[in-house]
Each structure stands twice: as C-alpha cells, then as structure tokens.
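This briefing is for a reader new to the structure. Please look over the sequence and the 3D view before reading the points below.

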Amino acid sequence: MISLTDVSKSYPGGVTALASVSLEIRRGELVAIVGPSGSGKSTMLNTIGTLDRPSGGTVRIDGYDVSKLSDNQLSALRGTRIGFVFQHFHLAAKVSALDNVADGLLYSGLPLSERRRRARAALDRVGLGHRIDHEPHELSGGERQRVAIARAVAGDPPLVLADEPTGALDSVSGAGVMELLHDLHGSGTTIVIITHDREIAGSLPRQVRMRDGRIVADSAALTGVA
Ligand code: ADP
C-alpha cells in the first residue's frame, strides 16, 4: 500500500526533515509512528499523503509512483484513496456535521443528495447519526473527531492517515476514537497513526520509531512482518 525508498525532505536553511527513509506498509496494516517532536513524523505522514513532495527518493502509494503524477492526478489519488484525520479536526465552522462530511466527498463528483446520503451513513457508522445537524461548536471534542473520521472514511478510501488523532482529547474520548480506528482496520483499511501516547502506540500491531528524520526502530523488523 505504501512504499518509501530512500525518501528525503529538506527545507531551505538546511533543515533535513527526512533523511533517506525507506518503509514498506502492506495493505491492511495498522501502524503507529512514534518519536520525539521534530523527528520528522508529520513530514513523513504528509509525504505518504502526497501533501508534501519529497526532495529525493521514491514514494509509491497504492501502486502509483507519486513523482510521475501531475497535480491533478495527485488530487485524484488523495480524493479517492486517502482519508486524513488531524489532531485539531479541521472541520468547517458554522457548517453542519452532515455537510462537513458531505463536503469531503466533493471530489467524487456525486450530486449533493447522494453525498449527503453517504455522509449520513458515515455519521451513523461513527455513532453520530443523532448529531447530523449540529455544527462543530455544538459538539464535544470527541464528537468533532468522530465527524472528522466520518469525513475521512465516507468515500471508503483504502488508506487512512491520522496525525495525533487523540492528541486534543480526554482519555475517554480518545479511547472511543481509537476504537473506531480499530474497527476500520478490522474492515480492511490500512491505517497509519502518529501518536505521542505510549499506551496507544503499544496497543497497535506495529510501531515505527523516528529520530532526526530517520527510522531508528520498526517492530515489524523484529517479527518479520514487513
Ligand atoms: P514531528 O512531526 O516529528 O514533530 P516534523 O515532521 O513536523 O516533525 O518536522 C521535522 C523537522 O522539519 C523539524 O525540524 C521541523 O522544524 C522541520 N520542518 C517541518 N516543516 C517545515 C517547513 N514547512 N519549513 C521548514 N522546516 C520545517
């Protein structure tokens, strides 16, 4: 599903965010990315999500060599195959939960009525079928993250990338969000999660540890999964 080969990313001023990172993640895996702040976790996730282009190396997502795709093709890849979940939800203010999720399907080209139908189904799936008319400010943090997850999965992408999805939540809401991500994994979705929470990282089948822009440990290397 994900293949990084010698991927590097530098920023002007000599910052090396990724230094020759190679990583294989197979279809259906659930992987935690851990490491200190500034170690390159978000840069790696954004590179996998094709939001950032690498300075060097090869990124393959679902079989596509990302460097060979135009900006339009990259948008299509993101719009149809990758769902994103962020620490601070990134929901549109003053827009109902239903339309926040339906707007995530804009790329599909489906008419609004069909997008809303799918959005309703996704909100049901995350246990928020009774909150579809609520705007983000009328929802708790945990509920907002559930809306964000519904938005990420409404189009049934094979890959979901989550950057600290529980980082802004209390432990009970965070556990609910993790349960949803585990359910998604159970239904076959490949999921990559950045987390600072040791307990969460330890509960996932595979942990990849980063430091100074490099992968310094990968539990799959111990178990021979990769
Ligand atoms: P993490 O997610 O592990 O905290 P990041 O991937 O955000 O790490 O950052 C890795 C390094 O790249 C850090 O030194 C950070 O300051 C730098 N960096 C990230 N984004 C940018 C940017 N847009 N411009 C310059 N430096 C950046």
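Predicted model: local features only at pLDDT ≥ 70, side-chain atom pairs only at ≥ 80, totals over all residues.

Residues are numbered from 1 along each chain as its sequence is written, and side-chain values use heavy atoms, with hydrogens and water left out. Helices (H or I, at least four residues) and strands (E, at least two) are DSSP runs, numbered from the N terminus. Two strands count as paired if DSSP finds at least two bridges between them.

**The sheet of 6 strands**

- This open sheet has mixed pairing and the strand order E6-E7-E8-E3-E9-E10.
- Strand E6 (82–86) and strand E10 (214–218) are at the edges with a single partner strand each, so one side of each has no neighbour in the sheet.
- Neighbouring strands here are turned by 20 degrees against each other on average, direction ignored; axes are lines fitted to C-alpha atoms, for helices over the stretch in contact, and angles run from 0 to 180 degrees between N-to-C directions.
- Strand E3 (residues 30–34) pairs with strand E8 (residues 190–194) in the parallel sense, over 4 bridges.
- Leucine 30 has isoleucine 191 as its bridge partner in E8.

**Helices across this sheet**

- Helix H1 (residues 41–48) lies across E3, E6, strand E7 (159–163), E8, strand E9 (206–211) and E10, where contact means heavy atoms within 4.5 Å.
- H1 runs at about 155 degrees to E7.
- Helix H5 (residues 141–153) lies across E6 and E7, at about 165 degrees to E6.

**The sheet of 4 strands**

- The order in this open sheet is E2-E1-E4-E5, and the pairing is antiparallel.
- E2 and strand E5 (64–65) are the edge strands, each with a single partner strand, so one side of each is left without a neighbour in the sheet.
- Strand E1 (residues 2–11) and E2 run antiparallel and are joined by 7 bridges.
- In E2, leucine 18 is the bridge partner of lysine 9, and valine 21 is that of valine 7.
- E1 and E2 form a hairpin with 3 residues between them, and glycine 13 in the turn has a positive phi of about 95 degrees.

**Around the ligand**

- The residues around the ligand (one heavy atom within 4 Å) are Tyr11, Val15, Ala17, Pro36, Ser37, Gly38, Ser39, Gly40, Lys41, Ser42 and Thr43.
- A polar side-chain atom of tyrosine 11 is 3.5 Å from a nitrogen atom of the ligand.
- A backbone N or O atom of glycine 40 lies 3.0 Å from a ligand oxygen atom.
- In the side chain of lysine 41, an N or O atom is 2.8 Å from an oxygen atom of the ligand.
- Strand E2 (15–25) and H1 are the elements that give two or more residues to the shell around the ligand, and H1 gives the most, with 3 residues.

Key: Polar contact = N/O pair within 3.5 Å; in protein donor to acceptor, adjacent residues only side chain to side chain.
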